[in-house]
Amino acid sequence: MTRRIAMVKRVVDMKTHCQPSDDLEYWLSKTPQERLAAVTFLVNQMLKPGERMDKTVFIRRKLKE
């Protein structure tokens, strides 16, 4: 059995292609656990070893009752 390597490519028209809708479709196709894992991975890439995320920039708002 021999293996073959095939080039995979996708050609799109840059004037009409809508990247945000493709991104949304992609992430909605993932489970919440996969989305959370991806966000955690990205945050950990930006932090130095031992550094924690600065949570002071987030504003807590009370929900209207």
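Reply:

**Charges and their setting**

The protein chain carries 14 positive and 8 negative charges, and their mean positions are 4 Å apart. Note that this is a predicted model.

Start with pairing. Side chains of opposite charge can pair when their charged atoms come close. How many salt bridges does the count give? The count comes to 1 salt bridge. Asp22 forms this bridge with Arg10. Their closest N and O atoms are 3.4 Å apart. That falls inside the cut-off, because a side-chain nitrogen of Lys or Arg has to be within 4 Å of a carboxyl oxygen of Asp or Glu.

Where do the two partners sit? Asp22 lies in helix 1, residues 19–28, while Arg10 lies in the segment before helix 1. The two are 12 residues apart in sequence, so the pair ties together separate parts of the chain. Asp22 is partly exposed, with a relative accessible area of 25%. Arg10 counts as exposed, at 64% relative accessibility.

Arg3 is exposed, and its relative accessible area is 81%. Arg61 belongs to the segment after helix 2, which runs 32–46. Arg61 is exposed too, with a relative accessible area of 73%. Arg61 and Glu25 are 36 residues apart along the chain, and their C-alpha atoms are separated by 29 Å.

A search of the whole structure finds 1 aromatic pair. The partners are Tyr26 and Trp27, with ring centres 5.0 Å apart. Their planes stand at 80°, so the pair is edge-to-face. Tyr26 is partly exposed, at a relative accessible area of 43%. Trp27 is partly exposed as well, at 38%.

Finally, the whole chain. What secondary structure does the protein chain have? It has 2 helices and 0 strands. The radius of gyration is 20 Å, whereas a compact globule of 65 residues would have one near 11 Å. Along its principal axes, the C-alpha trace spans about 60 × 35 × 25 Å. Of the 65 residues, 2% count as buried. The protein chain exposes about 7700 Å², and carbon and sulfur atoms supply 59% of that area.

To return to the charges: the salt bridge found joins Asp22 to Arg10. Arg3 and Arg61 are both exposed.

Terms used. Residues numbered from 1 in each chain as written. Predicted model: local features only at pLDDT ≥ 70, side-chain atom pairs only at ≥ 80, totals over all residues. Heavy atoms only, no water. Phe/Tyr/Trp six-rings, centres within 6.5 Å; stacked < 30°, edge-to-face > 60°. Buried < 20%, exposed > 50% of the residue type's maximum accessible area, 1.4 Å probe, protein only. Helix = DSSP H or I, 4+ residues; strand = E, 2+ residues; numbered from the N terminus. Rg over C-alpha atoms; globule rule 2.2 N^0.38 Å. Areas by Shrake-Rupley, 256 points an atom, 1.4 Å probe, with all protein chains shown as cover. Lys, Arg positive; Asp, Glu negative; His and termini not counted. Charge placed at Lys NZ, Arg CZ, Asp CG, Glu CD.
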